[in-house]
Amino acid sequence: MRGRICGTGSYLPEKYYDNNDIAKIVETSDAWIRERTGIVRRHVASGYETTVSMAVEAGRRALENGHVLPEKIDMILVSTITPNAVIPGVAFQVQAALGADRAVCFDLSAACSGFVFAYQTAQAYIAAGLYQTILLIGSETLSAINNWEDRSSCILFGDGAGAAVVQAEEGELYPSVAGSDGTMGHVLACESRVQNDWQQREADRKTYIDMDGTAVFKFAVRKMPEMAKSLMTQMHCTEADIDWFITHQANERIIEAIAKRLKSDIAKFPMNIAECGNTSSASIPILLDEMNRSGQLKGGQKIIMAGFGAGLSWGAVYMEWHA
Ligand code: UT7
């Protein structure tokens, strides 16, 4: 058995900061941010929007889209680095809000690789015959851990949530790859837990994202094509056979460099980074949902989904879109 995505959903906060808004907070410009990252604006959660509330809405929309009732869900798996509370985890609160009484729930923390890791976890549970229907959610309130005094990182991140329902189907597991390098953890770190009310928090830099952007950039540009090539070798196919490379949205230049290294048409690399910025584990499912709802994803299309991020961590999967 293997899992296939049968429904997607997403939620983006109404409020957003465009680059000119950011330029009022730190010394930067719309031109610099667009040119170096491709980002134009990013959504920012208001008081009533939290990692949980966004996860609930994205999950609800994915269930509706996949015509799956909450009582059918065997497992809810939420990927997040910005949970509302230490306990209970976000997945439990989503369960309560959706009325998914039968579901087993837990959160997974692997930053920007989190959604891919959650998808791989779902595949493993389904292949083992333990569960049939799994709700996967990536939800982040990165504005709560952004260092709003660091222009090299605060320009990048946005808030939002994306979700996918994975259902068991007959067939062998498709290939996937993943890895971690804990010795490089320091290049992208945030040592303290989320302080939701960021305006009130003390000036403790440990509560903020601390990033060596150049190191992450180089790692991503090397690792992402390597993973895609490994999957294509395992599938005995070439870049020409893949319809979409759906990658973590961290920087437009990273995605362009990946396409170049794979000698692939950039049109196969959908992007929403201009509108959303980097939403960590939510970026891939938000993009997937946008593509699904706009009709870009067609039955039988071959997709490579790939992420990278803090840890350091990386993961990629091959999938074929359902009819
Ligand atoms: O999910 C994974 C999370 N993280 C990432 O994916 C990050 C990957 N890295 C990146 O996206 C890029 O490295 C950044 C966007 C973070 C930085 O872009 P860059 O082209 O690598 O810039 P840089 O760090 O090499 O800095 C170049 C210059 C520096 O000035 P000097 O030393 O040349 O005078 C920076 O101080 O640009 C300056 N700079 C800025 N200027 C205006 C850095 N940030 C800004 C800014 N506005 N926001």
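Is Lys 263 buried or exposed, and what is its relative accessible area?

Modeller: The model is a predicted one. Lys 263 is exposed, because its relative accessible area is 73% and the cut-off for exposed is over 50%. The residue sits in the loop between helix 8, residues 252-261, and helix 9, residues 273-276. Its backbone deserves a remark as well: Lys 263 is not a glycine, yet its phi is positive, at about 55 degrees. Most residues other than glycine have a negative phi. Lys 263 also takes part in a positive surface patch, together with Arg 222, Lys 229 and Arg 261.

Ala 111 lies in the loop between strand 5 (104-108) and helix 5 (114-127). With 8% relative accessibility, Ala 111 counts as buried, whereas Lys 263 is exposed.

The backbone has further points to look at, this time in the peptide bonds. Most peptide bonds are trans. The bond that joins Ile 87 and Pro 88 is cis, with omega at about -5 degrees. Pro 88 belongs to the loop between strand 4 (75-79) and helix 4 (90-98). Gly 311 and Leu 312 are also joined by a cis peptide bond, and there omega is about -10 degrees. Leu 312 is placed in the loop between strand 12 (302-309) and strand 13 (313-320).

From the backbone we can turn to charged side chains. The whole structure holds 11 salt bridges. One of them is between Arg 2 and Glu 169, where the closest N and O atoms are 2.8 Å apart. Arg 2 is in strand 1 (residues 2-11) and Glu 169 is in strand 7 (residues 159-169), so this pair ties together parts that are 167 residues apart in sequence. Arg 2 counts as buried because its relative accessibility is 13%, under the 20% cut-off. Glu 169, at 21%, counts as partly exposed. The pair is also part of a network of salt bridges that links Arg 2, Arg 4 and Glu 169.

Arg 61 and Glu 57 both belong to helix 3 (residues 51-66) and are 4 residues apart, about one turn of the helix. The closest N and O atoms of Arg 61 and Glu 57 are 3.1 Å apart. Both side chains belong to partly exposed residues: Arg 61 has a relative accessible area of 30%, and Glu 57 has a relative accessibility of 22%. A further salt bridge is formed by Lys 24 and Asp 21, with 3.7 Å from N to O. Here Lys 24 counts as exposed, at 68% relative accessibility, and Asp 21 as partly exposed, at 25%.

In one of them, Tyr 17 and Trp 148 have ring centres 5.8 Å apart and planes at 70 degrees, so the pair is edge-to-face. Tyr 17 is in strand 2 (residues 16-18), while Trp 148 is in the loop between strand 6 (133-141) and helix 6 (151-154); the pair links distant parts of the chain, 131 residues apart. Tyr 17 is buried, with a relative accessible area of 17%, and Trp 148 is buried as well, at 8%.

Tyr 125 and Tyr 131 form a tilted aromatic pair, with 5.3 Å from centre to centre and 45 degrees between the planes. Tyr 125 counts as partly exposed, at 24% relative accessibility. Elsewhere, ring pairs link Phe 219, Phe 308 and Trp 314 into a cluster.

To return to your part: Lys 263 is an exposed residue in the loop between helix 8 and helix 9, with a positive phi and a place in a positive surface patch.

Key. Residues are numbered from 1 along each chain as its sequence is written. This is a predicted model: local features need pLDDT of at least 70, side-chain atom pairs count only at pLDDT 80 or more; totals for chains, interfaces and linings use all residues. Side-chain values use heavy atoms; hydrogens and water are left out. Patches are made of residues with over 30% relative accessible area and no salt bridge: like charges are joined within 9 Å, nonpolar side chains (Val, Leu, Ile, Met, Phe, Trp, Tyr) within 5 Å. Accessible areas come from the Shrake-Rupley method with a 1.4 Å probe; for residues, only the protein chains shown count as cover. A salt bridge is a side-chain nitrogen of Lys or Arg within 4 Å of a carboxyl oxygen of Asp or Glu. Lys and Arg count as positive and Asp and Glu as negative; His and the chain ends are not counted. The place of a charge is taken as NZ of Lys, CZ of Arg, CG of Asp or CD of Glu. Helices (H or I, at least four residues) and strands (E, at least two) are DSSP runs, numbered from the N terminus. Buried means under 20% relative accessible area, exposed over 50%, partly exposed in between (1.4 Å probe, protein chains only). Rings of Phe, Tyr and Trp (its six-membered ring) pair if their centres lie within 6.5 Å; planes under 30 degrees apart count as stacked, over 60 as edge-to-face and the rest as tilted.
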